[in-house]
Amino acid sequence: MSIKIRQLSNNFDFIKKNIYFADIMSKKIDIIQTDNTQTEFTTFTTEGCIMHIASNQVGENIVVHNSTAISRGNTFIDLITGEHYGDAIDLLITAVNNRTRERNFFKLYCDLLDQSITEEEFNEIIDNDEDNYIVSENENPEQERVSLALNLSKRIKNINSINDFSSIFSFNQLVIEQLAIE
Amino acid sequence: MAKHVRPGDTIIGKHTDGHSRRCDWKGQKKHPILKKRMTLYECSQNTYAEIVKECNIDDLNDECRTKFYHNLGDNVNASSVSIYVDSNNKYNFKVEAGISGRHKAQTFSFRNLAVCTITIPLSNLEKSLKQKEFIEQQNQIEQ
């Protein structure tokens, strides 16, 4: 039985994977070929985790992956189960809801400008239903959460200041300013 | 009468005058210290704001009295300043020529309570966080 080993890449190739959540993930592929089988070994390396995965195609659309991983804490499990992305999805949903609040406010202000409502009615509507018109900034985030939000904010339009940043993610502005000064 | 230029320096006045090369209306937000719904303007590219009439100090809470400058003539001068104004209506800024050297500027004269704070650029936050992560990694390596 003859065995051939083909390396697709000599060095680790840096691929941009999940640029929102991890800065860099590198990938190296080795293919081991015998007379009648071919197994692909892929090594993924990212911050806090190294994964070795042996993949075998056993049917038309079926691939068996056997993996071994070393990670800091539960990083590997979190990546596989999607737990790693939970915080990011949570932040993005908050951002969308806050944009909706801003849009609702400006729509109501347009009604005030074209005199569909009076100023008293304008104030009353907002005071009675503040959650739909005014963004609350009451979260005191940890440093990691702020880092993740900063990565996400690079892909969101019109975030140019700490005010914009804290507003869209409902962060306490004073906490963010303190992080920026220290 | 004092000039304030550090990030975080805040003035509060009943009447406030000033100018800026760029003023963006940001709608209404709750001021983080006053906890009052106010109209926010973000002024950038060389901003100046000065108290021309003091507000009543007794109306301010203790935190405002200690953190905010409130004397007649106190001013802030910086690249970026956020201004919270106690008003519902959007202010019509006037454009005047020759205010800041060769450039035009938008002038304002707020006649409602206004709180002007020198803001920190967002890029400073990113740099600060990267520095902290680097220091933490260095400490872990040393351990």
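Which element gives the largest share of the lining of the second largest pocket? A few notes on that and other spots.

1. This is a predicted model, where local features need pLDDT of at least 70, side-chain atom pairs count only at pLDDT 80 or more, and totals for chains, interfaces and linings use all residues. Residues are numbered from 1 along each chain as its sequence is written.

2. The answer is β3(B), with seven residues; strands here are DSSP E runs of at least two residues and helices H or I runs of at least four, numbered from the N terminus. In total 36 residues line this pocket, and N158(A), S161(A), D164(A), K26(B) and E42(B) lie nearest its centre. Two or more lining residues come from each of α2 (83-113) and α5 (162-168) of chain A and β3 (15-30), β4 (37-53) and β6 (81-85) of chain B. (A pocket is an open set of points on a 1 Å grid over the protein atoms alone, where a 1.4 Å probe fits, with protein on both sides within 12 Å along at least five of seven lines; lining residues have an atom within 4 Å of a point.)

3. Strand β4 of chain B also holds Q45(B) and N46(B). Neither is a glycine, yet phi is positive: about 65° for Q45(B) and near 75° for N46(B).

4. Over in chain A, V58(A) sits in the loop between β5 (49-57) and β6 (63-71). V58(A) counts as exposed because its relative accessibility is 57%, the cut-off being over 50% with a 1.4 Å probe and protein chains only.

Conventions: Chains lettered and ligands numbered in written order. Heavy atoms only, no water. Buried < 20%, exposed > 50% of the residue type's maximum accessible area, 1.4 Å probe, protein only.
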